[in-house]
Amino acid sequence: LIQHIRDQGLDLLPWSKELRQWQARVMLVKTTLGFKSWPDLSDAYLLENLEDWLAPYLEPVTQISHFKKLALKDILFAQLPWEQSQQLKHLVPERYKVPTGSRYQIDYTQSPPVLAVKLQEMFGCKETPTIANGKVSLLIHLLSPAGRPLQVTQDLAGFWKTSYQDVKKEMKGRYPKHRWPDDP
């Protein structure tokens, strides 16, 4: 079974988008903050060390279709001690709270992590949001009221000083009922 997974790859296992996000968060903490005690959960490491983390759970697998029934989330979550799980929530949160109070999911599968949010919801945010104790700036995808991309930036302060005025002119005509302040 282990060899079959090595031949076919980790995608044979029941990965979810949520689980890939969690994996990316763990790896971001390990690599960016240099937390050597954190487990390596990269695909390369997992594939190379299947005997250690997955083999104990393979006993009920007798057919290829049984791989999809594995509780992969529980198996992988068990690799991260409770204390580190708590740190993970603080250092690289799943969601970021914007000035309006809404909480938007951060996409950790991209590098740098991406926060896609409507432009108006960022009014009042002067600087680019950061995670990992301020060591990682989020890549902000500013969206129109209809959810279409307007600007991508890692320099929110620079955007407000320069590009915002052009975006505001265009958007005021397209979305006149929305607020477009001179000083966002």
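Predicted model: local features only at pLDDT ≥ 70, side-chain atom pairs only at ≥ 80, totals over all residues.

Analyst: Helices H2 and H6 pack at an angle of about 90°, and their axes lie 10 Å apart. The two helices are therefore roughly perpendicular to each other. On the H2 side the contact is made by Trp22, Arg25, Val26 and Val29, and on the H6 side by Leu88, Lys89 and Leu91. In general, an α-helix has 3.6 residues a turn, so residues three or four places apart point the same way.

H2 itself covers residues 17-32. The helix has 16 residues and reaches 22 Å from its first C-alpha to its last, close to the 22 Å expected at 1.5 Å a residue. Of these 16 residues, 12 are buried, so H2 is largely enclosed by the rest of the structure. Just after H2, Gly34 takes a positive phi of about 70°.

In soluble globular proteins, nonpolar side chains tend to be buried together. The largest nonpolar core here has 54 residues, among which Ile5, Leu13, Trp53 and Leu54 touch the most other members. Helix H2 supplies the largest share of this core, with 7 residues.

Ile5 lies in helix H1 (residues 2-8). This residue counts as buried, because its relative accessibility is 0%. Leaving aside residues up to four places away in sequence, Ile5 touches Leu10, Leu12, Leu13, Leu47, Leu50, Leu54, Leu58 and Phe67. The C-alpha atoms of Ile5 and Ile64 are 9.8 Å apart in space, although the two residues are 59 residues apart in sequence. With the same exclusion of sequence neighbours, Leu54 touches Ile5, Leu13, Leu70 and Ile75.

S2 is part of an open sheet of 5 strands, with the order S1-S2-S3-S6-S7 and mixed pairing. Strand S1 (95-97) and strand S7 (149-153) stand at the edges with a single partner strand each, so one side of each is left without a neighbour in the sheet. Neighbouring strands of this sheet are turned by 30° against each other on average, direction ignored. Within the sheet, S2 (residues 103-107) and S3 (residues 114-118) pair in the antiparallel sense over 2 bridges. Asp107 stands opposite Val114 in S3. The loop between S2 and S3 holds Pro112, which is joined to Ser111 by a cis peptide bond with omega about 0°.

Most residues other than glycine have a negative phi, and most peptide bonds are trans. Ala132, however, has a positive phi near 55°, and Asn133 has a positive phi of about 60°. In accessibility, Ala132 is buried, with a relative accessible area of 1%, whereas Asn133 is exposed at 55%.

Notes: Residues numbered from 1 in each chain as written. Heavy atoms only, no water. Pairing = 2+ DSSP bridges. Helix = DSSP H or I, 4+ residues; strand = E, 2+ residues; numbered from the N terminus. Axes fitted to C-alpha atoms, helices over the stretch in contact; angles between N-to-C directions. Core = buried A, V, L, I, M, F, W, Y, C linked by side-chain atoms within 4.5 Å. Buried < 20%, exposed > 50% of the residue type's maximum accessible area, 1.4 Å probe, protein only. Contact = heavy atoms within 4.5 Å. Expected span 1.5 Å × (residues − 1). Parallel < 35°, antiparallel > 145°, perpendicular 65-115°, else oblique.
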